[in-house]
Amino acid sequence: MSVMKELRCPLCHHPLLQNTQGLACDNRHQFDRAKEGYFNLLPVQNKHSREPGDAKEQLQARRQFLQAGFFEPLKTRLQELLPPDAKTVLDIGCGEGYFTAGLSSARPNASVYGIDIAKAGVRLAAKAAKENGNLVYCVASSADLPIADESIDFITRIYAPSKDAELWRVIKPEGRLVIVAPGENHLFCLRSRIYKDVRPHLPPEVPQGFEMVGQDRVQSELIVKHKELCAALLDMTPFAWRLTPELREAILTSELSDTLDFTIGIYSKK
Ligand SMILES: C[S@@+](CC[C@H](N)C(=O)[O-])C[C@H]1O[C@@H](n2cnc3c(N)ncnc32)[C@H](O)[C@@H]1O
Ligand SMILES: [Zn+2]
């Protein structure tokens, strides 16, 4: 299947080829396909904790909240930014795969890779993507991408960490990198219930070796009526873990009204 040809062995960096159990390189490093369909390409020596990345509960809350459609305007904007002729797409820190799946359905003929260091996220993402033949999920670190040099047309990094040198290595010379980060007003009401002085989010730095070629912003009103979805929002939002139990309960018992604000930076290689 041609969809995997951008993957490389995390141990020796040789290309990975499909076999009956999963993937292997010519040095016989074998990576089995998990029953959900994903590949674990994170070598044990690169695993700095037992369960790196976001916790399962946080990822499940994110799945529940995103599936309810609150982030749809951002998904649509990312689909619009995806060049029509993109053949290879990489979503770094894909989590439970909401945006990755959106990118793959917008370009059914492209090979779309979602990687995340959290196995629980990749597992959730892969389970939901069994039907999508153009979508491949891997457990891997953004600090050491299991992706061949200059092989990716379009990279997204949505609220996730990455390493500049790795972004630079895997993107094609004409490729586009899109970084999504919280904007100034993002969840301002919620933040002001937690912090005395709400500091504005700082825009992400331009990755080394790249230049900004465009900027975009997606803002929308957020009204969450159901208690269960309010709880999901609080559970997926790290700063909301600082809420006192009383304040958390107070938020959960009334309708939540706030702003969603995302900044989008678009970059190309210098
Ligand atoms: C806030 S979540 C965003 C998930 C997804 N992009 C979304 O918007 O729904 C950040 C994700 O980055 C992942 N992550 C953290 N460190 C990482 C690393 N070194 N390599 C790859 N993923 C990482 C976490 O496991 C988590 O799923
Ligand atoms: Zn190898």
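Residues are numbered from 1 along each chain as its sequence is written, while chains are lettered from A and ligands numbered from 1 in the order in which they are written. In this predicted model, local features need pLDDT of at least 70, side-chain atom pairs count only at pLDDT 80 or more, and totals for chains, interfaces and linings use all residues; side-chain values use heavy atoms, with hydrogens and water left out.

Ligand 1 sits in the largest pocket. Here a pocket is an open set of points on a 1 Å grid over the protein atoms alone, where a 1.4 Å probe fits, with protein on both sides within 12 Å along at least five of seven lines; a molecule sits in it if more than half of its atoms lie within 2 Å of its grid points. Around ligand 1 there are 19 residues, of which Asp 54, Arg 62, Gly 93, Asp 116 and Ser 142 come nearest (a residue is near if one of its heavy atoms lies within 4 Å). Helix α1, residues 56-67, gives the largest share of this shell, with 3 residues.

The side chain of Arg 62 places an N or O atom 2.7 Å from an oxygen atom of ligand 1, and the side chain of Asp 116 has an N or O atom 2.7 Å from an oxygen atom of the ligand. At Gly 93, a polar backbone atom lies 2.7 Å from a nitrogen atom of ligand 1. On its own, ligand 1 has 590 Å² of accessible area (Shrake-Rupley method, 1.4 Å probe), and the protein covers 88% of this.

Now to the strands. Helices (H or I, at least four residues) and strands (E, at least two) are DSSP runs numbered from the N terminus, and two strands pair if DSSP finds at least two bridges between them. Strand β8 (residues 152-158) runs parallel to β9 (residues 171-182), joined by 6 bridges; Ile 155 stands opposite Leu 177 of β9. The chain passes from β8 to β9 through helix α5 (residues 164-170) in a right-handed β-α-β crossover, meaning a clockwise path from the first strand over the helix to the second with the strands pointing away from the viewer. Strand β9 also pairs with β11 (residues 256-269), antiparallel over 6 bridges, and Leu 177 stands opposite Tyr 267 there.

Notes: A polar contact is a pair of N or O atoms within 3.5 Å; within protein, one must be able to donate a hydrogen and the other to accept it, and residues adjacent in sequence count only if both atoms are side-chain atoms. On a 1 Å grid over the protein atoms alone, a cavity is a set of points where a 1.4 Å probe fits but cannot get out, and a pocket is an open set with protein on both sides within 12 Å along at least five of seven lines; lining residues have an atom within 4 Å of a point.
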